[in-house]
Amino acid sequence: MTSIAQWGNDLYTGKRSIDFIGRQKQWYAFSAVLIALALVGLFARGLNFGIEFRGGSEYRLTSVTNTAGYEERARSAIAEAGIPGNVLATVIGGTTVRVQTEAANEKNEAAKAALAKTFGVDEKTVSASLIGPSWGESVSQKAIQALIVFLLLVALVMAIYFRTWKMALSGLVALIHDLVVTIGIYALFGFEITPSSMIGFLTILGYSLYDTVVVFDKVRENTAEALGSRRQSYAQAANLAVNQTLVRSINTTVVALLPIFAILVVGFTKLGPGTLLDLSLALFVGIAVGAYSSIFIATPLLVDLRRNEPTLVELAKDSARVQAKEPVAAGVGVGAAAGGSDAAARHTAAADLRDAGAADTDSVGRPLHKWAAAGPRNQPKRPPRSKR
Amino acid sequence: MSAPSRTRAPRRVLWTLLVLLIALFAGIGATAKFGSGQWSPKLGLDLEGGTQMVLEPVLADPNAAVSAGQLEKARDIIAQRVDSNGVAEAEITTQSGRNIVISIPGQPDAKTLDQIRKPSQLRFRAVLVASSGVPQSAATTTSSPTGSASPTSQSPVTSAPIFTMDPVATAPVTSGAPATSANAPIPPALTGADPTPTPGATTTSASTTTASPTTAQPANPSDLAWVTPELAKEFTDLNCSTAGAINDFVDDPAKPLVTCATTKAEKYILGPVELDGTDIADATSGYQTGQNGQPTSVVEVRLSFTGDGTAKFGAVTTRLFGLKADQTRNRFAVVLDKQVITAPSTNAVISNGQASITGSFTIDSARALAQQLKFGALPMSFKLQTQDDISPTLGKEQLALGLLAGLIGLLLVVAYSLVQYRLLGLVTVASLVVAAVTTYGVLTLLGWSHNVRLTMAGVTGVIVAIGVTADSFIVYFERIRDEVREGRPLVTAVDAGWSRAKRTILAADAVNLLAAIVLYVLAASNVRGFAFTLGVTTLIDLAVVFLFTHPLVAILAHTKFFGGGHPWSGLDPERLGAKTPQTRYAGRGRFVTPTLTSEGKA
């Protein structure tokens, strides 16, 4: 994975740079298409709510030896038990038969017995879930309540953490974007929505928020630096921040997705629909979308929101002048030359080398004075006794 | 500044963690050996197999909402039913202020489940025959009424052997005159709250009862003609200590009922229903007020009836007071869910609708009774919201597959971090192992102390948390790498990287914890486990990063392998393109222009 490490290095120094900020129109357009598709799916196809919302009964028979003609057999067994309406039967993992019917209130036992007889299993091993019709109502009500409370809390946390409403707003837009796209994907593919997927959606909000926090943290760090050095415009500093956190974003997203992917594989092949699969599907889709939005939506939006602030307009002018004077250092964000960002990054390093321990060697192994590790610096602070 | 002294602080932290872990597992061992604990986390019903029902109490009045007190009462009612059915280890909890969740391990039959969720009703019935709750040859033979109208033969049903029972519980079953009996506690007695009972209301009902022969038509609800031979046989055979003993009896308001007391100490044949819960206006408890308005030491339950109820209750007490001589038939039973919660004898005709029950109450038992009466005034039925029967085989299969998924996920993460961070990835592996062990221990301990059960949703939460936990390490390692790229030596890079990563990790975990708490509060019951384990693992993640990962990396930074930036350490400055190409001031007036080795390798 030398290439990824190297790529990370280049992104970090600004030697290589992906123009996230400058091409924001593309990302916006892409997301707009996604959202439009999501809305089309939502209104044209509608959401496929699970029996937890509709009410109904579900039976699971494990270790069925002969699943041939399971649909017919399940249907006749259910009819025998006297439950009207649709019967939906599926086979999961080869030996488990799952049968969904209308709510079977008092005929629950009869249905269990009939199914057990039809498929030749012990009645005791038949699992049954019965969901009354009013349950779903309270579940959906609760989910919507949870969503609203969560969004309000998240907005509050963002406002407190970032202390600027523009950051909070961009973060929130990214969150809602994630939610809409995820639900749209559910609508388009006809995935079943259960209380488990609902809690999955809410968890996505947490993840997406966290991704955004990480990127914005770096943005804030870099832009504060740019405001001091006047070498970079706000957009350039923000773009560098996104680039610098890109490898991290990719790594964390991959690592978050890997276990969920494992669940998905096991779930699809062996377990069948259930808490595990529903939750992980929602999380998988949501985390992927969340990683996209924190990079491609939140940060460009933040830059666009702040673009016209007088101090930043001034900064853009100053940095343009500095970059024109030092052609080597020009074009950090767009031109991808290493010099400018080096200067900026070195400044950062110099500013916060507070706790320099004993400098041992430099990169090529020679003894090196610690203050010289990264070029000229401010007067270092005397390290505390414990660090000496 | 020798190496050991520099790594002393991180070493101490690692030892602390080790001590904490040992303490955790020693605690689990102690609970498993000496207490009710076990070595593995308690499993939820969906993994262990069992039945879970969610019931919503519904009042007869469709517009009335169930209050918190009523919900608690409903929970108690359900708990009592579950107990009386002999269901072991059932858990009954209320949920989100409107539902009752009943979790029963194993697979109870349909009849038991029906018993548990039938509507609750408070009814008043006159006592016809009473006897000890457990059939005893001597008592049962004498107590079996043959349908003949000889009421006097019924009252001394409780002969000598009965006195072996708890005197408080059996207090009303004394054969002597209870009010004057010196050695027996005073039985509950219904007296008019108005100290002057209306005189002249005594009717001749007593005489009519005694006069009524074995004809099929009982003259009034206290008439022993209600006791048919079949009923008598049921009564004789009834053993209140058997679980579900009264399940088969039909609670028909127009017919007599054979049943037990909730204490199981007594069994009764009761007359038809004369009043029900809706006739009660209010019930309170407290110390009885004496003649001069001062509280006495006698604890009473005050009962007030509605207008309609007052009239009915007046008529009943008039009749029962007339039966004063008969210590059994003078009693009036309060029946909740077919079980007699109290059966006081009538000491006065109460025509003002203000009754008072006194007897061997403590202030707590009086309050409990008053509550039962008050909430019993609102007949509740239970709407079945969900019911899940999970067979143990399905549960086991689900758990096994869940764990398999977790293992695969863990291996994938380990492989990825080894590829990405080389041997530094081993720190990730070690940290994940520590986190997994801690999670296992904490969940086990919580299962013992707070009855936390691991459900499928919980398992999902744990698996998802692998990503969250590994995420912290990535934040940390990337920060260290950033610092190395800046050209710092590894030891300083670790310190500087940590101080920056700490902030991000704290923010990230705060967000996750917040999410977990909100989800836990707002989520439906069956997915709560997800939020719970997510929250717990987030806290464990924090602990592991602070107490294990960082100290370990700090120590490793002093080793030659990592500190020297070995190509396989994942912290090789050259591979990370450490910033060296610029001319630097190297001190003492020297400037250094390094060779562009890193560029060459790029």
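Val54(B) stands opposite Thr386(B), a residue of β15(B), where strands are DSSP runs of E of at least two residues and helices are runs of H or I of at least four, both numbered from the N terminus. The two strands concerned, β2 (residues 50–59) and β15 (residues 380–390) of chain B, run antiparallel and are joined by 10 bridges; two strands count as paired if DSSP finds at least two bridges between them. The model is predicted: local features need pLDDT of at least 70, side-chain atom pairs count only at pLDDT 80 or more, and totals for chains, interfaces and linings use all residues. Residues are numbered from 1 along each chain as its sequence is written, while chains are lettered from A and ligands numbered from 1 in the order in which they are written.

This strand pair belongs to an open sheet of 8 strands with antiparallel pairing, in the order β3(A)-β4(A)-β2(A)-β5(A)-β15(B)-β2(B)-β4(B)-β3(B). Its edge strands, each pairing on one side only, are β3 (88–92) of chain A and β3 (91–95) of chain B. On average, neighbouring strands of the sheet are turned by 20° against each other, direction ignored. Strands of a sheet pair through backbone hydrogen bonds, either parallel or antiparallel.

Across β2, β3, β4 (99–105) and β15 of chain B lies helix α4 (residues 68–84) of chain B, which runs at about 165° to β3(B). Such angles run from 0 to 180 degrees between N-to-C directions, and axes are lines fitted to C-alpha atoms, for helices over the stretch in contact.

Another strand of chain B, β5 (residues 122–132), holds Val129(B). Val129(B) is buried because 25 other C-beta atoms lie within 10 Å; the cut-offs are 20 or more for buried, 12 or fewer for exposed and partly exposed in between, with C-beta atoms placed from the backbone. Its C-alpha atom is separated by 9.4 Å from that of Ala232(B), 103 residues apart along the chain.

For chain A, the secondary structure comes to 12 helices and 6 strands. Of its 388 residues, 49% count as buried. Among contacts in chain A between residues at least 6 apart in sequence, 75% join residues at least 24 apart, a contact being two C-beta atoms, placed from the backbone, within 7 Å.

Two helices of chain B form a further pair. Helix α11 (residues 392–421) packs against α12 at an angle of about 155°, with the axes 7 Å apart. The helices α11(B) and α12(B) are therefore roughly antiparallel, since angles over 145 degrees count as such, those under 35 as roughly parallel, 65 to 115 as roughly perpendicular and the rest as oblique. Residues in the contact include Leu410(B) and Val414(B) of α11(B), and Leu424(B) and Thr428(B) of α12(B). By class, this contact has 7 nonpolar, 4 polar and no charged residues; Ala, Val, Leu, Ile, Met, Phe, Trp, Tyr, Cys and Pro count as nonpolar, Asp, Glu, Lys and Arg as charged, and the others, Gly among them, as polar.

The loop between α11 and α12 of chain B contains Arg422(B), whose phi is positive, near 50°. Because it has 19 C-beta neighbours inside 10 Å, Arg422(B) counts as partly exposed. Most residues other than glycine have a negative phi.

Helix α12 (residues 424–449) of chain B has 26 residues and, at 1.5 Å a residue, should span 38 Å, which agrees with the 37 Å between its end C-alpha atoms; the expected span is 1.5 Å times one less than the number of residues. After α12(B) comes Asn451(B), with a positive phi near 55°. Asn451(B) lies in the loop between α12 and β16 (453–454) of chain B and, with 10 C-beta neighbours inside 10 Å, counts as exposed.
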